[in-house]
Amino acid sequence: MASPVKPPDNPDNPDNRSDRLRTVARYSGIGMQMAATIGLSTWAGYSLDKHYQTNTPWFTLGLMLLGLFAALYNVIRAVSKGE
Amino acid sequence: MKRLLFALFCLLSLTARASEPVATTADATESENFNPGEMILHHIGDSHEWHWFTLGETHVTTYLPVIAYRAGSGLSVFSSHELAEGKVHEGLKLEHEHLVSTDGAKVYDFSITKNVATLMIASALLLIVFISVARGYAKRGTAAPRGMQSFFEPLIIFIRDEVAKKSIGPKYERYMPYLLTVFFFIWFSNLLGLLPGGANLTGNIAVTLTLAAITLLITLFSSNKNYWAHIFATPGVPKPLLFIMIPVELIGVVVKPFSLMVRLFANITAGHIVTLSFISLIFIFRNIGIAPISIAFGLFIFFLELLVAILQAYIFTLLTAMYIGGAVEDHHDADYQIGGGDGAAPAQAH
């Protein structure tokens, strides 16, 4: 506490602390986006099926799979981007 | 936290099951029956009058103006007192807090509801506070800040240095007004919602939808060529795959603000529901022994909410800044990592 020069990995260093908060916010955002992608595309497929009154829910299936793929792709891209 | 939430979930589902059969039998017999679900939903919802508290039989309520437009009968403006307790006024009545016309015509409701009033109060508060802060800078220049100015200066500097500069880069200055406004607006509204009698403004999905839509528009209008090239011709992706990549990228554009909208709405609403549930326990068990536990937990969640109020404002601002940063940045590190080849070396340097 008394030393004026803080080592770079010291969590008390305000720079590191805000970077950690930043990382937490960023990754929580990625997780939230993943859930929202799947949810939103499934909902879109479900309402399209309802609107066209399809016998087999092709829209739900297709859009849900697309949403799943999009979510995975976006997560992989976001985490491999780094800062 | 997880264990706490699980315990809470058990408690909540328990009360829901317990109150269900009671409601059917008690409907006709007594009106005294306490329904926690109804009370909580009433508290987190919007309403046409501002109910403060009830002392015995006296309700202390502020009646807000009702402004409604119908294609046939035009504009009607009157106090919501005329609609209290299911009364009909000018052919309008309230059905579960929804303004409906008795003749079935479509009603466009522009009323100053509880949430709209809180929105106005929050905006007025922001104006008063920040005009006074700005006056401080006009008067003292770069000299040491005083009073309210010295409280807000570190926050403003924090948003500038830690959020805007790091996420957006050299073009950060253009976006500072929006980032600061959205940060302080969400923070102030969250805190106003925690006051006794306050409305749940940022826990209203229409409010968070508007904030997220503004973020989306700013991102789209400040986007550069790189941003669109990334969507319609993702680097490193073979041409035949583009027909699947374009929808995937477009979903990503919409989902980012959508997740902002849901996060703020869900966090604030959940906080209110949890606090109210703990308080409701007293009335569910009708036992004085439960009160200290219930109040201690309620207070704990309330203080947690004070933290969540600023944390959610920060997260919304930070993610907005990151989305804008993604739209204005000149080169993408990700391109190199996906494409590999000659670009891989500069990516290592980061």
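Q: Is the crossing of H6(B) and H9(B) left-handed or right-handed?
A: The crossing of H6(B) and H9(B) is right-handed. A crossing counts as left-handed if the near helix is turned anticlockwise from the far one by less than a right angle, and as right-handed if clockwise. Helices (H or I, at least four residues) and strands (E, at least two) are DSSP runs, numbered from the N terminus.

Q: What should I know about the model and its numbering?
A: This is a predicted model: local features need pLDDT of at least 70, side-chain atom pairs count only at pLDDT 80 or more, and totals for chains, interfaces and linings use all residues. Residues are numbered from 1 along each chain as its sequence is written, while chains are lettered from A and ligands numbered from 1 in the order in which they are written.

Q: At what angle do H6(B) and H9(B) pack?
A: Two packed helices are described by the angle between their axes and the distance between the axes. Here helix H6 (residues 205-221) of chain B meets helix H9 (residues 290-328) of chain B at about 20°, and their axes are 8 Å apart. Axes are lines fitted to C-alpha atoms, for helices over the stretch in contact, and angles run from 0 to 180 degrees between N-to-C directions. H6(B) and H9(B) are therefore roughly parallel (under 35 degrees; over 145 is roughly antiparallel, 65 to 115 roughly perpendicular, the rest oblique).

Q: Which residues in H6(B) meet H9(B)?
A: From H6(B) come Thr215(B), Ile218(B) and Thr219(B). In H9(B) they meet Thr320(B), Tyr323(B), Ile324(B) and Ala327(B). Contact requires C-beta atoms, placed from the backbone, within 7 Å. By class, this contact has four nonpolar, three polar and no charged residues. Nonpolar covers Ala, Val, Leu, Ile, Met, Phe, Trp, Tyr, Cys and Pro; charged covers Asp, Glu, Lys and Arg; the others, Gly among them, are polar.

Q: How does H8(B) pack with H9(B)?
A: Helix H8 (residues 242-285) of chain B packs with H9(B) at about 175°, with axes 9 Å apart. That makes the pair roughly antiparallel. Their contact divides into 18 nonpolar, six polar and two charged residues.

Q: Which strands form the open sheet of chain B?
A: Strands of a sheet pair through backbone hydrogen bonds, either parallel or antiparallel. In chain B, three strands lie in the order S4-S3-S7, with antiparallel pairing. S4 and S7 of chain B are the edge strands, each pairing on one side only. Neighbouring strands are turned by 25° against each other on average, direction ignored.

Q: How many bridges pair S3 with S4 in chain B?
A: S3 (residues 65-70) and S4 (residues 74-79) of chain B pair over six bridges. Pairing needs at least two DSSP bridges. Tyr69(B) has Leu75(B) in S4(B) as its bridge partner. A hairpin of three residues joins S3(B) to S4(B). On S7(B), residues 107-109, three bridges join S3(B). There Ala68(B) has Asp109(B) as its partner.

Q: How many residues does each chain give to the contact?
A: Chain A gives 21 residues and chain B gives 19. On the chain A side, the largest share, eleven residues, comes from H1(A).

How values were computed: Contact = placed C-beta atoms within 7 Å.
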